[in-house]
Amino acid sequence: MIQRFLGALFVVVVLMAGGTTGVSQTVSQSAVLRGSVVDRQTGEGLQGATIRIAATQQGAYTDSRGRFSISRVSGRQIRVLTSFLGYQSGDTTIVLPDSRDTAVVIIALTASGLNTEEIVVSAGRRVQAVQDVPISVATLSNRDLLERGVTQLDEALRYVSGVSVVGDQVNIRGASGFAFGVGSRTMVLLDGFPLMSGDNGDIKFDVLPLADVERVEIVKGAGSALYGTGALGGVVSLFTSAPSEELSVRGRVYGGGYTPLRHAAWQDYRQGSTPVEWGADLRLSQQLGTVGINLSGGIRSDESYRDFDRQLRGFGYGKLRWTPSDEHTVTVSTMLAQSNAENFVYWRDLSNATLPPLDQNLSERLWTSKLTAAIEWSAMLSPSTSLVVRPGLFRTRFENRIDGVTLDSNASTSIAYNTDVQLTTTLADRLILTSGITGRLNVVESDLYGAQAQSIVSVFSQAEWQLPAAVILTVGARLDREETVSLDPQLEFSPKLGISWEVDADVHVRASVGRGFRAATIAERYANIRYGPFQVRPNADIRPEYSWSAEAGVRYSPTSLGLPLDVDMAVFANELYDLIEPTFDLSDPRVPITFRNITRARILGAELSLRMALASWLGIETGVTAMLPRDLLLDEPLKYRNNVLWYSRGSWTFAVGRLPMELQAEYRFQNRVETIDDRLSVFIPNADQRVPSHVVDARLFARLEPLTGLPVRIGLIGRNLLDYYYAEVVANLSPTRSVLLQVEWL
Amino acid sequence: MQHFTAVLLTSVALVLVVSSCGGLSPTDVPPPSVLQGTVTFANDWPDSNVNQVLVVALEAKPTSPDSILAAVLSGRAIFSEALPTYTTEAPYEVEIPGAPRTFTYVVVAMQNGPNILTDWLMLDVYSPVNDPAQPGTVIVDVGQTVTINFAVDFNNLPPQPFE
């Protein structure tokens, strides 16, 4: 099967490359557009700003100094659209002096105080304006990540409207519940490369190189028409920074601890000590001629707010970008992460919520290792046609160890080989066609799952028409063929239809419907283990679960009010079929647990997001998502789902003497999950104890540059400041209050 | 500015008040729900094959011997610790997790062979009308202690559910 898989991919690469040769020969002579995007008031370069040349596929992101370069710009007059989170967008027409010359421009953007302006996203597998996307998309910038002092991406995702995180499961608009870490219904990509493990199909947040992440996009709703399996509920897509034109060194160190718990019953195990948390990041970036390099790494240590939950992890990331010509870029990247952690699974009981069960072997450790290696060849075949070829692999291993010795019965190694070939072309300025083929091969060697292989080969195509009256119609489809050693090939067809309409400069309307699916993971099909008193038995016959999601939304961004305002409203419906869940097989005398297609569910909801700057120094954001998740088979609320998610954020900039300061506060509310699996209470004491979530985070930052001349910023970060006790994961107390001091070299 | 400060402080105070009203606490642990009582044994115990005797509370009447264990493993049945055997009286006490729970078949059961899946014999069935053919329903609420006494007569065992 592996040979057939690789053979198919090779043929596709050759076909696509050959098919575009003629196009590349017709490219006309053109100019290079270079420049900088700066803050209009301070003149500082803005990292991560998006520059897009209207009516083309061409665009770029600025480096850490705010610089950019776009090659093969054709025409005498070009319209350059610039956007950056927190700034008013730029729309500039540039007249090139000579079509062969290099044009240099400086684009100054005005701060808006909030993220209220048009931004550009790649959720449609190409650069486009956010209001042109027919589906809800949220974004986080590098600045958002750094300012929150997050140590893992999931911490930042908790503050995105419509998104909740339960354990390592990202739940977009209720599509996911709690599945013991197996089978994510949200696809995660890094620079377009899938980061789902080959065995469990789960997300490995600790491998993501946060210091290098420039933007995060969260696509809400089924995305399988472009991304295939796993994109049942949505897509989280991360993009790393381009190498800086000049040497860029950035670093961060932080340290702090968890404050004492209010309840002696939970606090006593600490015996007066304070659990500490610390970490450091370092990032280097430089462009040297045609070669640019990004290197970053870090370490995290967390003694945790509860016993038997300490962890230590380290990670590194490297990206080498070679630009042999203006038309071609080759990028090689690799990531490595390792962690050694105590394995707190659930509490002893609520009275002892900071302690593991009495029968937990306290010598046990969970050791994990992740490695990625990827190559991307990006070719600008013409001003209107681009090609991307992206092969790579993602290796994961986990093992339980006792006193350093691996437990043979609980270890797994998987390698997910991924290849992605994509061609994007603009036809007659009004039609953009994005097509490609992807292949994935999951190979697993495991005591838990046996020796397994799973292949998924897919073709996809999407067309976007710019119709009269500022309407964009999007039609797409994807065909996936999944095959495992023991299962007949299965085909999944995932169509999508979307429309976006620019009613006027202030109002954009969108609507979409699409299908999502998720093929069962190797863990769900082949797990054959004993877990406590339970025997988990394989069920190779699991079908893919699938969904149909529909959405209609309107975005209102008035330009005439005199202050930035952005309002987005959406209603959505998600029909879920054949959801895969672990269940007891009562027909077998041994009553094993097996994964089965059992649940049919419906989620109806509405979402309102509002962002505005009340003054240049004061901004607020708030987002409310209301949902009605229903299990249609049991005729009861769908388990592990919230009905209400509410996030609010405020930021206030001021100065103390010469020091520019910023105070940020965030509040997160989730209503009490209405239903969980009652049977958990039988095996885990007080597993049904849960409350609504009220979490307040706050941060105070000061830039020391005016005093010291050094690009240093210090921050005081408080998480869960109210020390509110809640449980997002069943029988797991969520993080209690912690306070960190963070020092950054910007 | 003053107006903003007032709004900000009010908002913060509101959030503080709202959030401090709730949250998990070790004292939130509900009082235990308990099924307890005494089992009396009349007439002679069997000479052999008395492996263990338990009080078992099942959400549904078992349809086969192996479905008892299935119910236990799937959380749909609760059982006591093994009662002393070859005695005339034995108290029992079972903590009921996940209360409130409803059990429609509460019995004293004996494993009368080596096979834990199949070798089960019902010794007495809870029935409010004293008719083992008409099992009674037992509801155990949060924090409630329900007392049920059983009277086993080895010469007059109830009808077996699998017959």
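**Briefing: cores, sheets and the A–B contact**

Leaving aside neighbours within four places in sequence, A:L195 is in contact with A:V188, A:L189, A:L190, A:K204, A:V207 and A:F394; contact means C-beta atoms, placed from the backbone, within 7 Å. The model is predicted: local features need pLDDT of at least 70 and side-chain atom pairs count only at pLDDT 80 or more, while totals for chains, interfaces and linings use all residues. Residues are numbered from 1 along each chain as its sequence is written, and chains are lettered from A and ligands numbered from 1 in the order in which they are written.

**Cores**
- The largest nonpolar core has 71 residues, and A:L157, A:L189, A:L195 and A:I218 touch the most other members.
- A second, separate core of 35 residues includes B:L35, B:A57, B:A70 and B:L123.
- A nonpolar core is a set of buried Ala, Val, Leu, Ile, Met, Phe, Trp, Tyr and Cys residues joined through C-beta atoms within 7 Å; buried means 20 or more other C-beta atoms within 10 Å of a residue's own.

**Confidence**
- Chain A averages a pLDDT (the predictor's confidence in each residue, from 0 to 100) of 85, and 91% of its residues score at least 70.
- Over residues 1–28 of chain A, pLDDT stays under 50; the model has 33 contacts beyond four places in sequence for this stretch.

**Sheet in chain A**
- Five strands form an open, mixed sheet in the order 10-15-16-13-14; strands are DSSP runs (E, at least two residues), numbered from the N terminus, and two pair if DSSP finds at least two bridges between them.
- Strand 10 (137–141) and strand 14 (193–194) of chain A are the edges, each pairing on one side only.
- Strand 13 (186–190) and strand 16 (234–240) of chain A run parallel over five bridges.
- A:L189, already named for the core, stands opposite A:S237 in strand 16 of chain A.

**Sheet in chain B**
- Three bridges join strand 2 (52–58) to strand 3 of chain B, and B:V56 has B:F79 as its bridge partner.

**Contact between chains**
- 22 residues of chain B are in contact with 33 residues of chain A.
- Helix 1 of chain B gives the most to chain B's side, with six residues; helices are DSSP runs (H or I) of at least four residues.

Technical notes:
Buried ≥ 20, exposed ≤ 12 C-beta atoms within 10 Å, placed from the backbone. Contact = placed C-beta atoms within 7 Å.
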